[in-house]
Amino acid sequence: MVTLTIDGNEVQVAEGTNLVEAAARVGIEIPTYCYHPGLSVVGQCRICFVEVEGMPRLVTACSTPVRDGMVVLTGSERVREARAAVMEFLLENHPLDCPVCDQAGECFLQDYSVQHGLDTTHMVDERRTYPGLERRLIGPHVIQNQNRCIHCTRCIRFTREIAETYDLAMKSRGNHSYIDTFDGGPLESPFSACVADVCPVGALTVKEFRFRARVWHLDETESICPGCSIGCNIVIGHLKGTVHRFVPRHNPEINGWWMCDYGRFLSESLNARDIDTPRYNGEELSWRQAVDTLKEMVAGAGATRVVASANMSNEGLLLVRKVLLEHAGLEVVVPVDEGEARKIKNGRKEWVHGVDAHPNSTGARLLGLKVVDGAELESFVMTSSGPVIVLDSKAHPWLATEAAAQAVANQQVAICARITTPLVRKAALVLPAASWIEMEGTYTSSTGRAQLARRGLYPRSSARPVWEILTLLAAALDAEPAPAVNPRAVFEALVEEIPAFAGMTYRRLATEPGIPVLEEVPNVG
Amino acid sequence: MEPILLRARGEESSRSISTYLKLGGYKAFGKALAMDPAAVVAEVKEAGLRGRGGAGFPTGVKWGFVPADTDKPKYLVCNADESEPGTFKDREIIHVDPHMLLEGIMIASYAIGSHAAYIYIRGEFWLEAQYLEQAIAEAYDKGYLGRNILDSGFDLDITVHRGAGAYICGEETALIESIEGKRGQPRLKPPFPAVVGLFGCPTVVNNVETLACVPHIIDRGAEWFAAIGKPRNTGPKLFCVSGHVARPGVYELPLGVTFEEIINTHCGGIRDGKKLKAFIPGGSSAPVLPADKVGIGATFDEVAEAGSMLGSGGLIVMDETVDMVWTLENLLKFYAHESCGQCTPCREGSDWALDVVRRIRQGHGRTEDLETLRRIARYASQGMTICPLGDAFCGPITGFLDHFGHEFEAAIAAARPLPPKKRPILPVRSERAMFGLEENS
């Protein structure tokens with residue numbers, strides 16, 4: 001450990017820490033553009049100048065490691081003048097188009113201009129422009145406006161160091177250099193939209209989110225990505241009940257600062273819904289009637305089979321185990337689809353590999369539920385003689401096929417769903433399920449970390465999360481546990497019952513980068 | 001003074017190894033191989049040889065920075081990326097006597113323990129690269145390169161690497177990046193190349209002329225070398241004189257000779273009987289000096305004292321007909337074109353300064369422009385940038401404004417009004433006060 005003084009505050013940090021991070025430790029924000037904690041240090045934007053006692057020149061905080069006894073000034077006259085000068089250089093050629101720029105509101109050029117810039121400019125000459133590069137789609141998801149670029153090269157370093165796709169490059173030289181794909185072709189990296197995240201200005205923006213909402217109007221909800229077993233941490237941006245975007249949230253152990261395009265653009269799927277009310281053979285029901293109907297199917301004479309889902313939270317799965325498996329004695333399977341291979345870099349630049357397409361297959365295994373693959377699911381459904389309860393219409397891609405509907409042609413089916421599929425059309429009892437952002441829950445990633453996804457919206461229409469449906473069913477069946485008022489209560493029961501979750505609290509889940517539930521960390525590196 | 005670096009000038013086939021051997025070549029290398037490498041470094045240190053590339057850093061000291069106890073390979077790189085406007089001395093050495101450079105590289109490699117040396121030569125020196133390849137082939141033939149050189153057990157290979165035409169690759173870390181096959185952009189320092197250089201290994205980068213001095217130091221001794229020139233500024237120096245003199249060219253003179261002597265005695269004075277107006281003493285990035293400073297001696301220290309730098313020894317002479325605004329514009333055009341674009345102050349500042357000076361020259365200057373230029377010069381130099389290219393374009397701005405500011409003021413006074421379209425897109429708070437715009441403009 002090294003002890004140094006920053007603006008009079010003594011701070012102890014690990015050796016090798018740079019001054020930006022050391023200052024952040026005592027709550028001092030040093031402005032940065034080219035510096036990003038997840039990327040290599042290039043020290044080229046020059047905004048992070050600080051004064052170090054004993055050094056004749058100002059030094060860039062990003063490229064200066066701490067030394068014992070160092071005395072750093074981040075707000076001296078010299079520093080402020082230098083920062084103002086660098087801000088002026090950066091703004092010299094930057095268009096004043098904030099009113100029509102999608103980055104406005106989360107633009108570091110705006111923020112630091114207010115904090116560190118001059119209130120005017122000495123520049124009267126014509127600004128540099130890049131004709132043809134002002135509104136250019138450089139890939140399926142990213143739009144480039146080179147006029148706004150401040151040449152920090154974060155995007156280039158992202159494609160080299162994190163995505164390892166080497167897509168972007170700086171072309172030409174000097175004041176006229178510009179960002180382009182290396183070969184001039186489209187930016188087709190599976191992580192392409194992250195370049196817009198790392199872009200500190202509006203030079204690279206995401207096509208899907210452009211002009212949908214001003215970012216300062218957005219409500220933000222901390223969640224995790226529902227796209228695969230990795231469980232990348234995200235922030236969901238939503239406004240007036242509509243989900244507008246996913247952006248990655250820092251978690252050094254799982255997704256670093258990044259997420260893949262596949263997961264990111266699942267955001268739009270959260271807005272889809274065509275099932276609003278519980279129905280039995282097409283007739284609208286109240287929830288009370290719906291739960292009673294479900295109870296009949298569970299407690300009826302036939303051998304009822306249950307298809308649970310690896311998309312459900314630990315709490316939902318615990319209730320599946322307690323109510324349906326242990327109390328009602330039904331046969332329960334959790335289908336798991338391998339899906340496409342997904343991966344992401346964690347905060348130490350190690351690849352983290354996904355194992356399947358579900359956010360909680362690891363949790364299902366930990367809870368001792370029977371995990372099956374597609375073929376087993378098919379035969380499980382086809383060989384059933386009694387009613388079939390499907391707790392998630394998207395538990396496996398096969399369930400969305402016409403074949404699934406035909407497989408249960410002669411059975412009574414109950415299904416929780418948001419979107420109509422052939423199986424939903426066939427089902428006798430249809431229960432509207434809450435979407436990802438409409439429910440709270442914990443999920444266990446394939447790296448063995450329990451994580452919390454928060455609720456951002458109340459369920460639209462009369463949809464309910466599956467855990468809630470199950471507590472209502474438990475009450476109807478007089479089963480343990482007593483109806484829970486919120487998933488937190490279910491989580492507390494989970495902590496008591498499952499040894500791997502011992503000692504966990506919501507508070508810890510909210511502040512720690514996921515809590516390990518396995519002895520070893522699988523699927524990393 | 002007897003020619004040392006250019007001693008083969010005028011000899012028939014001066015570039016061939018036979019001529020070089022006839023003039024006593026490769027004797028020093030043999031002598032060095034018999035010495036302890038540390039003794040070679042000490043000899044160069046004692047001779048007081050200072051780097052001829054521009055910075056004037058003591059060469060022996062630079063060699064001494066290479067860690068002795070490393071298990072990594074070490075590299076010697078010869079910087080032949082001679083791109084500074086007004087500088088053409090390294091080209092002359094390669095033209096006249098490439099073997100002298102090779103011998104310097106061999107001795108330096110032996111001194112720092114390098115077994116692979118690179119000559120990074122600018123792309124435009126196509127012919128010179130051929131000369132070097134030819135000379136290297138001859139040296140391999142005669143056993144001065146390769147395995148177990150002269151039965152000493154020392155191995156050395158020299159590779160010529162051609163640049164692709166970028167001024168910035170003359171900066172040592174950009175040069176290293178370029179050899180590594182990357183975009184030629186300077187690296188952050190520290191770490192310095194002596195510790196982490198080419199391919200991440202300890203590396204010494206020396207200028208052509210610096211290395212060409214080394215065989216003579218070893219051959220005739222540090223004392224002999226130190227006796228040439230002035231204290232702390234020892235040895236012969238090539239001066240490249242261009243501009244309005246009767247006989248421009250490369251002149252070999254001891255350090256400390258006055259600029260007056262170079263211009264009047266050696267170059268035949270100002271052309272067509274005109275008067276000297278100003279001179280740039282060390283290549284275009286050195287601040288310009290007015291005619292009355294012509295009496296100072298050409299040493300690193302004296303020129304620095306006068307507010308400029310000896311740099312590469314590229315002496316650019318201007319007579320009374322020269323328009324200083326135009327000259328500065330011309331220089332800035334070069335630097336704006338050659339800025340690598342990596343760090344903000346240089347990328348934005350070089351082009352901005354060019355815009356301002358061009359506007360003044362075109363008759364649209366404003367009195368505030370001079371302050372703007374000063375501001376750019378202050379904040380794009382002195383460590384605000386990663387590499388010295390910031391200083392390289394700010395030096396001229398400061399020099400021209402200090403000594404010839406009245407010409408800029410006169411150009412501004414004769415100005416026509418600025419076309420209104422050049423105003424900022426959106427008005428800012430103090431715009432009117434700042435830009436002095438009239439209400440009706």
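N148(B) is found in strand β3 (residues 146-149) of chain B, where helices (H or I, at least four residues) and strands (E, at least two) are DSSP runs, numbered from the N terminus. This is a predicted model, in which local features need pLDDT of at least 70 and side-chain atom pairs count only at pLDDT 80 or more, while totals for chains, interfaces and linings use all residues. Residues are numbered from 1 along each chain as its sequence is written, chains are lettered from A and ligands numbered from 1 in the order in which they are written, and side-chain values use heavy atoms, with hydrogens and water left out.

### Backbone details

Back to N148(B): its phi is positive, about 45°, although N148(B) is not a glycine. At 38% relative accessibility, this residue counts as partly exposed; buried means under 20% relative accessible area, exposed over 50%, and partly exposed in between (1.4 Å probe, protein chains only). D478(A) sits in the loop between α13 (466-477) and α14 (487-497) of chain A, and its relative accessibility of 68% makes it exposed.

Where are the cis peptide bonds around P190(B)? One joins K189(B) and P190(B), with omega about -10°, and another joins P190(B) and P191(B), with omega about 5°. P190(B) belongs to the loop between α8 (172-179) and β5 (203-207) of chain B, and P191(B) lies in the loop between α8 and β5 as well.

Here is a hairpin to look at in chain A. Strands β8 (residues 168-171) and β9 (residues 178-181) run antiparallel and are joined by four bridges; two strands pair if DSSP finds at least two bridges between them. A169(A) has D180(A) as its bridge partner in β9(A). Six residues separate the two strands of the hairpin, and S172(A) in the turn has a positive phi of about 60°.

### Where the chains meet

Contact means heavy atoms within 4.5 Å, and between the two chains it takes 41 residues from chain A and 45 residues from chain B. The area buried between them is about 3800 Å², with carbon and sulfur atoms giving 52%. Buried area is the accessible area (1.4 Å probe) that two parts lose on being put together, summed over both. F89(A), V124(A) and R173(A) supply 21% of the area that chain A buries against chain B, more than any other three residues.

Between chain A and chain B there are 18 residue pairs in polar contact, both residues being at pLDDT 80 or more. Such a contact is a pair of N or O atoms within 3.5 Å; within protein, one must be able to donate a hydrogen and the other to accept it, and residues adjacent in sequence count only if both atoms are side-chain atoms. On the side of chain A that touches chain B, α2 (77-92) and β8 each supply at least two residues, and α2(A) gives the most, with nine residues.

### Salt bridges

A salt bridge is a side-chain nitrogen of Lys or Arg within 4 Å of a carboxyl oxygen of Asp or Glu. The whole structure has 55 of them over all chains, and the count between chain A and chain B is five. D125(A), R359(B), R366(B), E368(B) and D369(B) are linked in a network of salt bridges. Some individual pairs follow.

| Pair | N to O distance |
|---|---|
| R128(A) and E348(B) | 3.4 Å |
| R348(A) and E253(A) | 3.2 Å |
| E172(B) and K62(B) | 3.7 Å |
| R232(B) and D301(B) | 2.7 Å |

In the last pair, R232(B) is exposed, with a relative accessible area of 58%, whereas D301(B) is partly exposed at 26%. E172(B) counts as buried at 18% relative accessibility, while K62(B) counts as partly exposed at 23%.

### Two buried residues

Is T442(A) buried or exposed? T442(A) counts as buried, at 1% relative accessibility. This residue is in strand β24 (residues 441-444) of chain A, and its side chain makes a polar contact with that of E315(A) (2.6 Å). Leaving out residues up to four places away in sequence, T442(A) touches residues including N360(A), F491(A) and Y506(A).

In chain B, E209(B) lies in helix α9 (residues 208-220) and is buried, with a relative accessible area of 0%. Not counting residues up to four places away in sequence, E209(B) touches several residues, among them R52(B), K89(B) and K237(B).
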